[in-house]
Amino acid sequence: MDGKVKEQKRHQQKHSGPKVEKKKLRKQQGSTEQDDRKRNPKAFAVQSAVRMAKTFHRAQDIKAKKHHIPLVDRTPLEPPPVVIVVVGPPKVGKSTLIRCLIKNFTRQKLGDICGPVTIVSGKKRRLTFMECNNDINTMIDLAKVADLVLMLIDASFGFEMETFEFLNICQVHGFPRIMGVLTHLDSFKNNKVLRKTKKNLKHRFWTEVYQGAKLFYLSGMVYGEYQIQEVKNLGRFISVMKFRPLVWQTSHPYVLVDRMEDLTDPERLRTDPKCDRTVSLYGYLRGTYLKNKGQVHIPGVGDFQVADVNFLPDPCALPDAQKKRALNEKERLLYAPMAGVGGVVYDKDAVYIDLPASHVKQQQEEVRPTTELVQSLIDTHATLDVKMAASKVSLFSGSATLDPADIDEQSGEKEGLQEEQVWDPNTQRKRRKVVFAEEEEEGSDVSGSSDDDDDDDESEDGDREEQEENEDEDEDNLSTFLKEARAKSDTSDKNVREPPPVKKQKLEERKEEVPVFADSEDELEMSEEEGEAGRAGDSGNCSEESDDDDEEEEDDDEDSEDESMEEEDEAGDATVKKQSASEEEEEEEEEEEEQGALRWKDALQQKASEAFLRQQEAAPNLRKLVYGSVVEAEDEEDEDEELGGLFRVSRPQNSKKFQANAVDCSRFQPDTSHNWDLEEMLNSIRDCFVTGKWEEGQDAATLLKEDEELYGDFEDLETGEVHKGQTGQQDAAEQDSENDDHDDEAEERLVKVDDDEVQKNKRMEKKRRLKERFDSEYDDGDATYFDDLKEEMQKQAELNRAEFEDVDDETRVQYEGFRPGMYVRLEIPSLPCEFVTNFDPHYPIILGGLSSGEGNVGYLQMRLKKHRWHNRILKTRDPLILSLGWRRFQTIPLYHIEDHNGRHRLLKYTPQHMHCGASIWGPVTPQGTGFLAVQSVAGTKASFRIAATGVVLDLDKSVTVVKKLKLIGYPYKIFKNTCFIKGMFNTVLEVAKFEGASVRTVSGVRGQIKKALSTPPGAYRATFEDRLLMSDIVFLRSWYPVTVPQLYNPVTSLLLPVGQKDGWAGMRTLGQLKHDLGIRNKPNTDSLYKPVVRAQRRFNPLHIPKELQKALPFKSKPKQQQPKGKTPRDLQRPTVIREPHEKKVAALLHALTTVHHNKRKKARTVQHAKHKEFLQQKEKEEEAKLKRHKEARKKLYRVMGQMDQKKQRSSLKGAPQDD
């Protein structure tokens, strides 16, 4: 074939014929499983009923496994932030992971992670990150409040004990969602080893949590941070995760404190530094509703009464509902007061702004606070009066013209302001200290926030309303201060030293940040000499046009991608930066040129024309785009004033066209007089839409009829003929009804037709409702009890939400308490001073709300089991630290076990692998609450720290724990079966208590106490079932009730000094005390093992009376036999000594005997073999004989059977008939 491969013949597709037609038909219809079932029902029939039953059962099991007991959804409409606890051993990367996640969500870097860090991660979710350090107290506290646990595992090292300890803590206190994160994977050089390690760690993690638990891999670090894509994936999982409500959390209110303020009177602190403090704690309320003036427990501090609770504005609020896919930069909030981020904090009566002392601009660019107000305050380089004065003068925004005379007047007014100005080398700028009155401070804060609102390019209509209202208030509040500021500034400027020269910004860099358009002189005066401060950014006011344009773009494309939004933000920020930099430059130039010559006049015409062209290019004229042409203002030329021979400054307030053309008709201006959040306002316009609820009569036919009534009559303009609609004809008929009966009938007929249509529709609707009701009653469908239960819970949740939906927060709080999700401030008096002086933000502060009975202390009955990984069993009366409910406390438990008769018997030690009861004195906690026990919380141990786990069973003293007590006595007189016993009791009264009690001897003889004896005291008479010996020991088994020690010692770890909070030591065990004091344990001598020395017992000879001997049979009679003595010497046989001949004869006889014996032995062997052969032969003959007999019997039986058959046949035929 010369190397050529023969090509296969291709399949020729048929284009005609019955098969092709069938295929076409099947394609058109679309073959479904139902068609196959009809075509071949046997193929789909049940082949095996057993297999089908198994499949069905398995499907039902899988379905049932997914079911949880449905709980009423009590989550508020605006839920509190999700608490994410990052857990792991030291140096595993917890802080780095939190920083990366915060950077992923908020685009901001955070230095030290102190306390809770709250961020807005999405439109409907906020997250609170909390790092858990390697302290068992912190681990226990955070496990109680965590919604999600990120468990970091060092893959290069493997699992560490802290991981398993935290998992077991979570299992006891309600299992939150747990995600594992493997770090240090870049230390593996071999890929195969890496894969194997991942697999092993994953399966071990699954064993502890559940099969299929999510385990993330952070493969390596880039510049000290985890890879962006991996962190983004982890963030996505966190953002969409659902959480199961935990019983303890949903039944108790609690606050994870993110801010603490000391409200104690300073004078009292000066006189008594150790006095109790009044502290206000802030945080998001979680769990359930919190009542005012209730009791709370702070783990690590103790129980306290709340003096007052208030709710505050949300410092990290969710963005308002909006149709968009991503958050803009302003909504990416970060709030961490303990870490010094989110610098504006609200209190009941004040607003605090946190400004750190040294803020270098480079650091500002790296770590930016997320609150726009704080950014604006940090980045502001010009004082408020200069900015306000500058913003008042504008070329294009329609304000008054800027004249040199006005500037001179202003500079003259500014004389006399005495202010202390200091050059700050850290920030490279002048800092001017101004003391405000209280009202002016508040006014400036509000105006700052309104500026901040203006700065947001993608802000909503609601934000705009607030801004406008704030600006109105600001003008009134600040007017007094601004007048004074303008009047005094010049005189103080002379006393200030000039700052060292700052490196100027390059022209090329400045050109990159060209503003979209200039509408104030700040933008026109941007010159080549502008400093680096222009880049720092200032949250000043953006222009109105830029706001409008950016919002236009957002409205046009609501669902645009993140990138487009970021570009819009950058454009807006560029405008703001330029504007603020120009304002700062203006201020510096005014200080340099005191003679009044203003630099803004240089090349004014050129700058203004360029800015005007930029504005025309950048900002599209919406009216021109929509309508194609712009109506020019003809009368404006007369009204406008000329400025510099080039521009005309319009006075829009004076013109009549201002009102008509001012509103951009392509935008919807929100009407502030209507509050569209109210249900009444929404209902008033609901029926304006197709989706509204229409009346029954308002169907299509009715509406068409109404339309005809409105627009039915028209005139044909060509012919002049007037056409009337049905209604018009009816009206004409009504007018001529007296003359024309026919028209009247036609009208009645039309009305009747319409009525019939309406009645028919009503009947159809009624039938449909009846059928739905019938179906719901009789057609169960797939609805199950579980579905009904879920539906019931859903209805309950909706009822709960609807109850107080329209009530304002102040009223709601009075009725239902503070709801979860609110940011609350709790004022707690009489806190120990160490709580404030030793405060460490790295340790969590949790306020756990207590229900009515949980503040009391009493007896608790528990079921307890020693943890299988704890290496020592627990001893009764050894102090133990329990974590029960919100509390951590030390107590002394008594372990006991219930016997079959209901007696609770005290145990000295806990059983090894079994549950036992425990009785403690502690805080009353609801039944069914889990707890865990540790022996010590100080430091870290090499072994597993969790000693035991269990659950609360009962809350009273109903269980009486008894211990066994053996009382020992000795007999001192014995009368047959009665004995006198001494040494067991001390008084007659004690004996009287135990009369009738059963006693026993060590040898097993049972007896009973009868009566007390007068002497000696404590002796008694007892009867036994057999006679005792004087050597017997009598003991009485009694049960002695044990009292539970009343020790409740809260673990006050948060009151310890900083750095020693993990060193709390309470009561020590007896073993620890002896070890610390060097006491050697002296054992009880009776408990020691001694060598057993058994003395030989001598028994008396058996004495049988003679009368009894006579009656005994002979064999039982004692035989009076004399012992055999020694044989006398004369009777002893003498030794025979043989002669030599006799010796030879004896030897020969011996030899012959031996030969004879040998011959006999051989003969016997031969005889035995022959006999064996004979037996075998005989056996064969027997077998042959049996065989023959068998054959003969067979023949005989065959013949007999044939004869029987013949007889049978003949009997069936019957006897022969004789004629």
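Q: Buried means under 20% relative accessible area, exposed means over 50%, and partly exposed is in between (1.4 Å probe, protein chains only). Is Phe818 buried or exposed, and at what relative accessibility?
A: First, a word on the model: it is predicted, so local features need pLDDT of at least 70 and side-chain atom pairs count only at pLDDT 80 or more, while totals for chains, interfaces and linings use all residues. Residues are numbered from 1 along each chain as its sequence is written, and side-chain values use heavy atoms, with hydrogens and water left out. As for Phe818, it counts as buried, because its relative accessibility is 3%.

Q: Where does Phe818 lie, and how many residues apart in sequence are Phe818 and Leu285?
A: Phe818 is in a loop, with helix H31 (809-816) on one side and strand E23 (823-831) on the other; helices (H or I, at least four residues) and strands (E, at least two) are DSSP runs numbered from the N terminus. Phe818 touches Leu285, Tyr289 and Phe311, among others, leaving out residues up to four places away in sequence; contact here means heavy atoms within 4.5 Å. The C-alpha atoms of Phe818 and Leu285 are 7.8 Å apart in space, and along the sequence the gap is 533 residues.

Q: Among contacts in the protein chain between residues at least 6 apart in sequence, what percentage join residues at least 24 apart?
A: For scale, the protein chain has 36 helices and 39 strands. Of its 1219 residues, 37% are buried. Among contacts between residues at least 6 apart in sequence, the share that joins residues at least 24 apart is 74%.

Q: How many disulfides does the count come to?
A: A disulfide is a covalent bond between the sulfur atoms of two cysteines. The rule used here is a pair of cysteine sulfur atoms within 2.5 Å. By that rule, the count is zero.

Q: Which cysteine sulfur is nearest to that of Cys275, and how many Å away is it?
A: Cys275 is in no disulfide, and its nearest cysteine sulfur is that of Cys833. Cys833 is in no disulfide either, with the sulfur of Cys275 as its nearest. Cys275 counts as buried because its relative accessibility is 4%, and Cys833 counts as buried at 4% too.

Q: At roughly what angle do the axes of helix H4 and helix H8 cross?
A: Axes are lines fitted to C-alpha atoms, for helices over the stretch in contact, and angles run from 0 to 180 degrees between N-to-C directions. Under 35 degrees is roughly parallel, over 145 roughly antiparallel, 65 to 115 roughly perpendicular and the rest oblique. H4 and H8 are therefore roughly perpendicular to each other. H4 covers residues 94-106, H8 covers residues 228-240, their axes come within 10 Å, and the crossing is at roughly 75°.

Q: How many nonpolar residues does the contact of H4 with H8 have?
A: On the H4 side, Leu97, Cys100, Leu101, Asn104 and Phe105 meet Val231, Lys232, Leu234, Gly235, Ile238 and Ser239 of H8. Ala, Val, Leu, Ile, Met, Phe, Trp, Tyr, Cys and Pro count as nonpolar, Asp, Glu, Lys and Arg as charged, and the others, Gly among them, as polar. By class, three are polar, one is charged, and the nonpolar count is seven.

Q: The backbone oxygen of which residue lies 3.2 Å from a polar atom of the side chain of Thr891?
A: Thr891 sits in strand E27 (residues 887-891) and is buried, with a relative accessible area of 1%. Beyond its neighbours within four places in sequence, Thr891 contacts residues including Asp878, Ile920 and Leu1047. At 3.2 Å from a polar atom of the Thr891 side chain is the backbone oxygen of Trp921.

Q: Is Lys976 buried or exposed, and with what relative accessible area?
A: Lys976 has a positive phi of about 50° although it is not a glycine. Lys976 lies in the loop between strand E33 (961-975) and strand E34 (978-982). Lys976 is exposed, and its relative accessible area is 67%.

Q: The peptide bond from Thr1015 to Pro1016 has an omega near what value?
A: Pro1016 is in the loop between strand E36 (1006-1012) and strand E37 (1020-1024). The peptide bond from Thr1015 to Pro1016 is cis, and its omega is near -15°.

Methods. Polar contact = N/O pair within 3.5 Å; in protein donor to acceptor, adjacent residues only side chain to side chain.
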